[in-house]
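Hi,

Here is the structure I promised to pass on to you. My notes on it follow just below.

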Amino acid sequence: MSQANIEKSEIDIVIGALHSDLTAFMNEWKPVFSQFHLIVVKDPDLSAELLIPEGFNLDVYTKSDIDRVVGSATSILFSGYSCRYFGYLVSRKKYIISVDDDCVPARDNNGSLVDAVAQHITNLTTPATPFFFNTLYDPYCKGADFVRGYPFSLRSGVTCALSCGLWLNLADYDAPTQALKPEQRNSRYVDAVLTVPARSLMPVSGINIAFSRELLGPALIPALRLAGEGKLRWETVEDVWSGMCAKVICDHLGLGVKTGLPYVWRNERGNAIESLRKEWEGVKLMEEVVPFFQSVRLPESAITAEDCVVEMAKAVKEQLGQSDPMFARAAEVMVEWVKLWKKVGSS
Amino acid sequence: MAHPVTPVSPPLKDELDIVIPTIRNLDFLEMWRPFFQHYHLIIVQDGDPTKTIRVPDGFDYELFNRNDVNRVLGPKASCISFKDSACRCFGFLVSKKKYIFTIDDDCFVAKDPSGKEINALAQHIQNLLTPSTPFFFNTLYDPYREGADFVRGYPFSMREGAPTAISHGLWLNIPDYDAPTQLVKPLERNSRYVDAVMTIPKGTLFPMCGMNLGFNRELIGPAMYFGLMGDGQPIGRYDDMWAGWCAKVICDHLNLGVKTGLPYIWHSKASNPFVNLKKEYKGIYWQEEIIPFFQSIVLPKECTTVQNCYIELSKKVKEKLGSIDPYFQKLGDAMVTWIEAWEELNPPAQAAQSTGVKKEEPSTKAK
């Protein structure tokens with residue numbers, strides 16, 4: 001019983017508010033969120049007042065707070081989806097859970113409401129198994145285990161630092177895919193959590209994510225910003241970039257990344273065809289960075305997430321900086337972020 | 001028992017063999033009849049060759065017992081295990097088809113959460129006929145499945161995927177646990193239906209279970225050797241594991257894909273954990289050295305065929321694992337014998353002509 005209590009006080013739920021009226025969102029999540037402390041960060045570009053219902057333990061941060069804490073002489077931009085990183089920065093908790101403000105709780109195959117927070121916490125507080133694939137998925141889950149042929153020496157696993165959840169209804173597709181299949185909705189509830197193997201890259205979606213701030217905090221960075229970045233996920237790649245850095249860093253530090261449950265229900269929003277124009281640049285960019293991320297190796301001397309970010313930034317600048325100014329800027333932001341984290345983020 | 005309407009043309013009817021090792025009986029085939037009826041079966045009878053194993057009526061099959069194995073392979077028969085389901089790979093050797101589905105005789109038709117019976121064979125075929133995605137993990141699992149796709153951030157240059165060489169299915173009811181786990185959790189049953197197929201990323205090893213397995217024989221056949229197990233051998237229940245590690249390393253080298261997940265079968269028989277422990281005992285220790293060995297193998301660029309890769313692997317096995325136990329010298333030699341047998345029974349000219357003689361009548365023995 002006390003174990004659960006300790007964990008509740010170690011959690012911050014960070015919400016980036018891209019919509020001013022959070023009433024419906026907060027009420028839908030109330031059964032899950034009401035026991036936790038929330039950090040709501042308002043998109044600095046949003047002018048309207050935030051509407052948040054009563055009954056929550058929360059702190060709200062707006063543009064003026066961001067300016068005060070971060071200062072004006074910075075290349076880090078917290079607008080749009082990147083506003084939530086400010087929440088990561090000012091949190092003092094061990095674990096962070098973050099969902100987009102256009103998502104509500106999903107229902108599982110039995111019709112029960114999914115407690116996404118509880119599932120993320122379970123993911124983060126049970127080991128990950130990145131060195132060998134378990135064909136029955138998460139071996140620490142009730143009713144499952146390691147299968148025959150799984151080496152015993154690998155069965156204690158490693159600490160899970162990042163938990164990536166999924167989405168029912170509007171899946172996190174890119175604009176071209178959703179535009180080609182406008183009616184396609186994700187209705188398949190896959191009842192599994194699994195560890196993404198070491199050295200395998202994956203697209204990390206910021207829509208439904210949780211991580212150990214203590215172990216990985218500085219590695220989640222609002223570094224890559226598209227020139228035409230917009231207010232729909234189709235029009236961004238900040239989480240994809242951040243996620244690739246985080247995966248490389250986790251692999252280097254021997255930390256695990258899980259994917260799968262929990263699901264959230266993502267509401268209808270936006271027009272994929274219109275977004276196609278804005279995201280095209282991001283699509284091209286991501287093609288260039290994959291070989292870099294697959295081959296980058298961090299020095300053994302990098303033993304903390306901060307160290308790793310600094311090394312990643314160097315590598316980005318050297319190997320990608322020449323091909324597009326966007327990467328050079330990303331490297332700069334990463335360096336600044338670590339400084340900012342040390343100043344503000346470390347308790 | 002209800003018989004579903006026969007499909008107009010079962011997929012890959014003339015291109016797929018179903019290989020079944022058995023030492024008991026083939027009663028389980030009755031339940032699979034609606035799904036297997038139109039396919040050719042290769043039965044590999046293990047154990048006493050004088051025992052008659054009855055095949056249910058109406059199936060088109062060949063049956064090989066130990067005498068047949070010896071007759072077909074002569075001295076090379078030494079590479080085929082006796083008194084172990086590893087003998088199933090003899091069926092892979094003699095098949096003339098492009099695809100293989102292999103299943104154990106204690107595996108039955110499972111039901112999905114809606115109560116519908118699962119056509120495991122059809123799912124394996126679907127898995128094998130669609131690409132894999134080994135180079136980048138897709139968080140919505142198999143993007144080629146109905147209702148799924150590549151997620152945002154998945155590189156477009158990788159969306160054609162790689163050809164799928166292996167389709168690894170799972171099991172409801174009795175899970176495939178090792179002996180120590182069975183001893184600790186004798187009552188655990190797998191009741192979780194995970195509605196996903198996914199590609200195991202390049203560079204990652206996995207425990208391949210031979211109970212419910214499909215593969216493209218043309219792409220990976222020669223690597224699907226199930227080793228020396230059972231009678232006269234110091235180890236058992238590592239046959240499929242061994243094949244899986246070898247095959248995955250080669251798939252990774254040749255940029256072929258391995259899928260795991262659906263389909264589920266219903267695994268009915270829990271083998272005796274004490275018997276299993278005796279068989280697995282050495283394997284549990286040896287695998288601690290075997291795994292790092294496979295994880296660190298780099299096959300030379302010049303190895304561009306499965307056979308070449310496999311021969312190269314056999315050399316490394318003898319060189320690096322030989323010091324663990326003389327068994328690995330024998331195993332390395334057996335791997336070479338296997339490839340020699342494969343080349344003999346599957347000469348390139350014949351492979352190009354593909355399908356062999358198709359039998360319409362049930363037969364009791366291969367001629």
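**Where the two chains meet**

The side chains of Asp145(A) and Lys185(B) form a salt bridge, 2.6 Å from N to O; the term stands for a side-chain nitrogen of Lys or Arg within 4 Å of a carboxyl oxygen of Asp or Glu. Between chain B and chain A the count is 10 salt bridges. Before you go further: this is a predicted model, in which local features need pLDDT of at least 70 and side-chain atom pairs count only at pLDDT 80 or more, while totals for chains, interfaces and linings use all residues. Residues are numbered from 1 along each chain as its sequence is written, chains are lettered from A and ligands numbered from 1 in the order in which they are written, and side-chain values use heavy atoms, with hydrogens and water left out.

Across the same interface, 27 residue pairs are in polar contact, both at pLDDT 80 or more (N or O atoms within 3.5 Å; within protein, one must be able to donate a hydrogen and the other to accept it, and residues adjacent in sequence count only if both atoms are side-chain atoms). On the side of chain B that touches chain A, α8(B) gives the most, with six residues (helices are DSSP runs of H or I, at least four residues, and strands runs of E, at least two, numbered from the N terminus).

The contact (heavy atoms within 4.5 Å) takes 62 residues from chain B and 61 residues from chain A. Together the chains bury about 5000 Å², 56% of it on carbon and sulfur atoms; this is the accessible area (1.4 Å probe) lost on putting the two parts together, summed over both. Phe137(B), Arg152(B) and Arg192(B) supply 17% of the area that chain B buries against chain A, more than any other three residues.

**Arg152(B)**

Arg152(B) lies in the loop between α4 (120–129) and β6 (164–173) of chain B. With a relative accessible area of 2%, Arg152(B) is buried (under 20%; exposed is over 50%, partly exposed in between, with a 1.4 Å probe and protein chains only). Its contacts include Asp172(A), Tyr173(A), Arg233(A) and Trp234(A), and its side chain reaches the backbone oxygen of Thr236(A) at 3.1 Å.

An unreviewed UniProt entry places the annotation "glycosylation site" on Arg152(B); such annotations are given in the numbering used here, with shortened feature names, and may be inferred rather than shown by experiment.

Best wishes

Technical notes:
Lists of a residue's contacts leave out its neighbours within four places in sequence.
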